[in-house]
Protein chains: 2
Amino acid sequence: MGGGAEFDAIRRMLETWGAKARGIGDDAAVLDIPAGERLVVSTDASVEDVHFRRPWLSAMEIGARATSAALSDLAAMAATPRGLLLAMAVPPDWRGELEDIARGVGRSAERAQCPIVGGNISSSSVLSLTITVLGSTEHPLHRDRARDGDIIFVTGMLGGPQAAVAAFMAGRVPGPDYRARFASPTARVREARWLADRGAHAAIDISDGLLADAAHVAVASNVTLDVDADAVPRMDGVSVEDALVGGEEYELLVSAPPSAAIDVDAFQREFGIPLTAIGVVTLAGAPSVTTNGTRAAAARGHDHLG
Amino acid sequence: MGGGAEFDAIRRMLETWGAKARGIGDDAAVLDIPAGERLVVSTDASVEDVHFRRPWLSAMEIGARATSAALSDLAAMAATPRGLLLAMAVPPDWRGELEDIARGVGRSAERAQCPIVGGNISSSSVLSLTITVLGSTEHPLHRDRARDGDIIFVTGMLGGPQAAVAAFMAGRVPGPDYRARFASPTARVREARWLADRGAHAAIDISDGLLADAAHVAVASNVTLDVDADAVPRMDGVSVEDALVGGEEYELLVSAPPSAAIDVDAFQREFGIPLTAIGVVTLAGAPSVTTNGTRAAAARGHDHLG
């Protein structure tokens, strides 16, 4: 992009963000992490024609979705967001959409109470948003802490993003509920802290699909996750199979001991989404994932758009 | 990239890095910032055909250069590197080069004693490396702290990257010294801490060109930087003009009071590169940059490849 256009783009984005952006101006941003807390950091990219196609989403949704996807990695660690950095590569025919993309980034950042602390903009032949999120917590959740006897929970209702992408790919208009789940995911930041505060052992966000992410937990923790497939909460019209393998959910898979004070009704009242027990952790045949007692086919990563 | 290819690429990069990569496996990385220090963070992108062209650099140089460019933002704050995250977007015809790119990233990270703590990989139609660097320090340098009476210093010898790009663009082979400055910059991390420890007030890295970055300091600090153009250290064969405007130097422009114990000979002995006093900070006509007492043309950002 270079010179004048670059500075002008940055100025317009900062104007869009207003007080949501902080401390921008130096070569790097300075943040204070509360004493006693550990820094948690992750980076995530959203690339046109890989993670989305232009006709599917508004510019604001592209910004909001990329930001929530990145923040979801902080949720998986039960960290409180402290700041995000946005690196954008922008083709010429996207330059008119910069403020709307920024508005979407700001919306998701604000919802997670996460200030925007830095960024970078350059030209490219393909639109991409690379978002780095910084958070902190005294006790991060990890995917290697699932233990024998734990109960496995999942937040929300699965299958929407997969159903929306399938409709888009077939040239159809997805149902509005499916579309919203794809276009406007929410990072489960507060939900994760609620669960961690009540004794959850391990968590992962469902970005690759429930079975694939369950397999990550199983391997990291050297346990078996025995999932009751019929218990997996699905949106209306979603098959069990699709709920098990659909990616980009940005819901949480959580493992917690029976002694944890996790009240699913209280969760539903607090957050307006369900928390559902979908299985148990065992040591039989570890590491693996079983559904209804049968070893699930080798879990593979979500393929984005192939 | 998706599924299997993505995990395979990550595995190969982790093997390349060995002990240089740490704590990778969760949704996010966990870092500890020393008590009493502030977190310093920046993100920087290196995009094919914007920041470099494929025939100009080896895959290893692309990785090393992008990493040093990002680390240079920590140097500008005099922060000690604590970790970096690499987000790569990789076209199909670059997949065979991933390990060499990773090797270059590892080389620059190791030189700055910076562990690789996370990353992300996706497919794209254009190669890009977005690198987020995390550092810490008790007292970060800022660009708004230049004060009346300060002496302005610059590290190293300028003009090499600009001369190399000019040769590349003209279809010529740049001289090896010019090429090395473009292809293999070093982030001045240790140099910055040495200067900060001795009382430097303000710093910025010369990524946009000496005059443009001096203007950033002038505006932020509301001062005038009066630069003695003839004193600006230049590589052999580089004009004064080119040394003043050439970008992507990743050297430091530093402002320090006369009382600071900055011994340029000791600097040269310690780091093997010169430290040169090139001007003074005044309040006359602030904010502005003057060269040889004349107001410099309005500084503009470096235009990458236009």
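Biologist: At what angle do the axes of helix α4 and helix α5 of chain B cross?

Modeller: The axes of α4 (residues 160-169) and α5 (residues 176-183) of chain B cross at roughly 105° and come within 7 Å. This is a predicted model, in which local features need pLDDT of at least 70 and side-chain atom pairs count only at pLDDT 80 or more, while totals for chains, interfaces and linings use all residues. Residues are numbered from 1 along each chain as its sequence is written, chains are lettered from A and ligands numbered from 1 in the order in which they are written, and side-chain values use heavy atoms, with hydrogens and water left out.

Biologist: What makes a stretch a helix, and what is an axis?

Modeller: Helices (H or I, at least four residues) and strands (E, at least two) are DSSP runs, numbered from the N terminus. An axis is a line fitted to C-alpha atoms, for helices over the stretch in contact, and angles run from 0 to 180 degrees between N-to-C directions.

Biologist: Why are α4(B) and α5(B) called roughly perpendicular?

Modeller: Angles of 65 to 115 degrees count as roughly perpendicular, under 35 as roughly parallel, over 145 as roughly antiparallel and the rest as oblique. The axes cross at roughly 105°, and α4(B) and α5(B) are therefore roughly perpendicular to each other.

Biologist: Which residues of α4(B) and α5(B) meet?

Modeller: Contact means heavy atoms within 4.5 Å. Gly160(B), Pro161(B), Ala163(B), Ala164(B), Val165(B) and Phe168(B) of α4(B) meet Tyr178(B), Arg179(B), Arg181(B) and Phe182(B) of α5(B). This contact has seven nonpolar, one polar and two charged residues. Ala, Val, Leu, Ile, Met, Phe, Trp, Tyr, Cys and Pro count as nonpolar, Asp, Glu, Lys and Arg as charged, and the others, Gly among them, as polar.

Biologist: Why are α6(B) and α9(B) described as roughly antiparallel?

Modeller: The axes of α6 (residues 189-197) and α9 (residues 264-271) of chain B cross at roughly 150° and come within 11 Å. α6(B) and α9(B) are therefore roughly antiparallel to each other. In their contact, Arg190(B), Glu191(B), Trp194(B) and Leu195(B) of α6(B) meet Ala266(B), Phe267(B), Glu270(B) and Phe271(B) of α9(B). The residues of this contact divide into five nonpolar, no polar and three charged.

Biologist: How many cavities of 30 Å³ or more does a search of the whole structure find?

Modeller: The search finds four. On a 1 Å grid over the protein atoms alone, a cavity is a set of points where a 1.4 Å probe fits but cannot get out, whereas a pocket is an open set with protein on both sides within 12 Å along at least five of seven lines; lining residues have an atom within 4 Å of a point. Grid points are joined across faces, edges and corners, and a volume is the space filled by probe spheres set on the points.

Biologist: What is the volume of the largest cavity, and what lines this cavity?

Modeller: Its volume is about 50 Å³. Among the lining residues are Ile152(A), Val217(A), Leu253(A) and Ser255(A). The lining has eight nonpolar, one polar and no charged residues.

Biologist: How much space lies in the second largest pocket?

Modeller: About 1100 Å³ lies in that pocket. Of its 48 lining residues, the closest to its centre are Glu6(B), Phe7(B), Ile10(B), Asp26(B) and Gly119(B). α1(B) gives the most to this lining, with eight residues.

Biologist: Where is Pro287(A) placed, and what kind of peptide bond joins it to Ala286(A)?

Modeller: Pro287(A) is in the loop between β10 (275-282) and β11 (288-291) of chain A. The peptide bond from Ala286(A) to Pro287(A) is cis, with omega near -5°. Most peptide bonds are trans.
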